[in-house]
Amino acid sequence: MPEGDTVWLTAHRLSRALAGGTLVRADLRVPRLATADLTGRRVEGVVPRGKHLLTRLGGGLTLHSHLRMDGAWHLYAPGERWGGGPQWQVRAILATAERVAVGYRLPVLELLPTAEEDKAVGHLGPDLLGPGWDPAEAVRRLLADPGRPVGEALLDQRNLAGIGNVYAAELCFLRGITPWTPVGEAPGPDRLVTLAHRLLTANKARHGHITTGDTRRGRTHWVYGRADRPCLRCGTLVRTAEHGTPPDRARVAYWCPHCQRGPAPPTN
Ligand SMILES: [Zn+2]
């Protein structure tokens, strides 16, 4: 599951590669868009909104895509061999004379008028990496359902946009609370939100979501991805449990039972 900073970086790379160019090839491999002809349109730019990508085209059209679990956009030079996965996973090809952008495994791909982008992203809460980041509004939305487990509340893009599994786990760790702590009981929700903003901002221009300040392999996260390995702070074995409700049920929460206080996951 890409985090908001990954999407931000993807958008910036796509924008740098394509913006200002004219599409010489545009191939959208989803049935609904198979006949859409975008060749000849100028690429105005690619804008991230939370975990959504908005590729704005001349004539007031936007191509909306979402990477969801393992989607990705790759960039190539014309004629260069593609390496993002098998051909059948290619969902979109946008090429200018200079660059070819290939979208792999995109579960969401739609065209809509740029003026109606809100239909695709209007539900999102304040965008952690957006120009109009509004921490007070993010806190207000988080606390609107105070009994909700904080891990789930942080993942809900309607509260604040950009947090995925990595940051949900690491934020709970850094605030010393388990992911099942009711968000209304999380101490300092304003500091939680500020920390989220700081972490995503610090990581947006690089790969990896480093929350420990340590870039060494195996040292980048306090608890995320460390199932049955020692917590980097205290050495207690990190535990995992699934959390969330469908369609997010596959999300795994990681926590250190020593460093983090609060309710344990409900047993089932
Ligand atoms: Zn610990």
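A: Along the chain, the donors of the zinc ion follow the spacing C-x2-C-x21-C-x2-C. Donors here are N, O and S atoms within 2.8 Å of the metal. They are the SG atoms of Cys231, Cys234, Cys256 and Cys259, sitting at 2.2 to 2.4 Å from the zinc ion. The four donor atoms subtend angles of 101 to 114°, so the arrangement is tetrahedral (all angles between 85 and 135 degrees). Cys256 and Cys259 are both buried, meaning under 20% relative accessible area with a 1.4 Å probe, protein chains only.

Quick note: this is a predicted model, where local features need pLDDT of at least 70, side-chain atom pairs need 80 or more, and totals for chains, interfaces and linings use all residues. Residues are numbered from 1 along each chain, and side-chain values use heavy atoms, without hydrogens or water.

Now for helix H6, residues 189–203 (a helix is a DSSP run of H or I, at least four residues). Pro189, Leu192, Val193, Leu195, Ala196, Leu199, Leu200 and Asn203 of H6 are buried. Looking down the axis of H6, the buried residues fall within an arc of 160° (taken from the axis to the C-beta atoms), so they line one face. On the other side of H6, Arg191 and Arg198 are exposed, or over 50% accessible. The buried face packs against helices including H1 (4–18), with contact meaning heavy atoms within 4.5 Å. H1 is mostly covered too, with 11 of its 15 residues buried.

Technical notes
Helices (H or I, at least four residues) and strands (E, at least two) are DSSP runs, numbered from the N terminus. The expected span of a helix is 1.5 Å times one less than its number of residues. Donors are N, O and S atoms within 2.8 Å of the metal (3.2 Å for Na, K and Ca); water is not among the atoms, so sites may look incomplete. Four donors count as tetrahedral if all angles lie between 85 and 135 degrees; four count as square planar and six as octahedral if opposite donors are over 155 degrees apart and all others between 65 and 115; anything else is irregular.
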